[in-house]
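Today I am opening my notebook for a friendly look at aromatic rings and surface charge. Here is the structure I have on screen.

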Amino acid sequence: MSDKFETGQILEGKVTGIQPYGAFVALDEEIQGLVHISEVTHGYVKDINDHLTTGDEVKVKVLNVDEDNNKFSLSIRATEEPPKNRPKPQKNQAPKQQENDNAGFNTLKDKLEEWIEQSEGSYNKK
């Protein structure tokens, strides 16, 4: 029965049903498989209905064939290029200094000078 479909194959299918946990995709008139919600797209999918609707034509990759139970695990995201991530900053990179002095907190150096002046002033008053 599953002689037509093997693990790793990329096929065209049609979404026949949607559940909160995934979508059922017909591979032909007799066989359908499940695209688990985690295999719909790259990244987190909160609501599968935001990505698929019944009747959609989709490209899927066969992840697993369970011939004993006649179950096919499918993936849509395995047929797509992963999104390009922005490069992460190097751990040794120094953080950028703020250009505007009024934009954030005073630096410790500035506060230290202010505290020294205050303490000298109060010391001299005694």
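**Notebook: charges and rings**

I started with Glu120, which at 46% relative accessibility counts as partly exposed. I keep in mind that I am reading a predicted model.

Next I looked up where Glu120 sits, and found Glu120 in helix α1, residues 108-125. I then checked the charges on the surface: Asp110, Glu113, Glu117 and Glu120 gather there in a patch of negative charge.

Then I turned to the rings. How many aromatic pairs does the structure hold? I noted 2 aromatic pairs.

For Phe5 and Phe72, I read 6.1 Å between the ring centres and 85 degrees between the planes. Planes over 60 degrees apart count as edge-to-face, so the pair of Phe5 and Phe72 is edge-to-face.

Phe5 belongs to the segment before β1 (10-19), while Phe72 is in strand β5 (residues 71-75). The pair links distant parts of the chain, with the two residues 67 residues apart. Are Phe5 and Phe72 buried or exposed? I have both Phe5 and Phe72 down as buried.

My other entry on rings is for Tyr21 and Phe24, an aromatic pair that is edge-to-face. Here I wrote down 6.4 Å centre to centre and 90 degrees between the planes.

Last, I checked the accessibility of these two residues. Tyr21 has 41% relative accessibility, so I list Tyr21 as partly exposed. Phe24 has 25% relative accessibility. Buried means under 20%, so Phe24 counts as partly exposed.

Terms used. Residues numbered from 1 in each chain as written. Predicted model: local features only at pLDDT ≥ 70, side-chain atom pairs only at ≥ 80, totals over all residues. Heavy atoms only, no water. Patch = residues over 30% accessible without salt bridge, like charges linked within 9 Å, V, L, I, M, F, W, Y side chains within 5 Å. Areas by Shrake-Rupley, 256 points an atom, 1.4 Å probe, with all protein chains shown as cover. Salt bridge = Lys/Arg side-chain N within 4 Å of Asp/Glu carboxyl O. Lys, Arg positive; Asp, Glu negative; His and termini not counted. Charge placed at Lys NZ, Arg CZ, Asp CG, Glu CD. Helix = DSSP H or I, 4+ residues; strand = E, 2+ residues; numbered from the N terminus. Buried < 20%, exposed > 50% of the residue type's maximum accessible area, 1.4 Å probe, protein only. Phe/Tyr/Trp six-rings, centres within 6.5 Å; stacked < 30°, edge-to-face > 60°.
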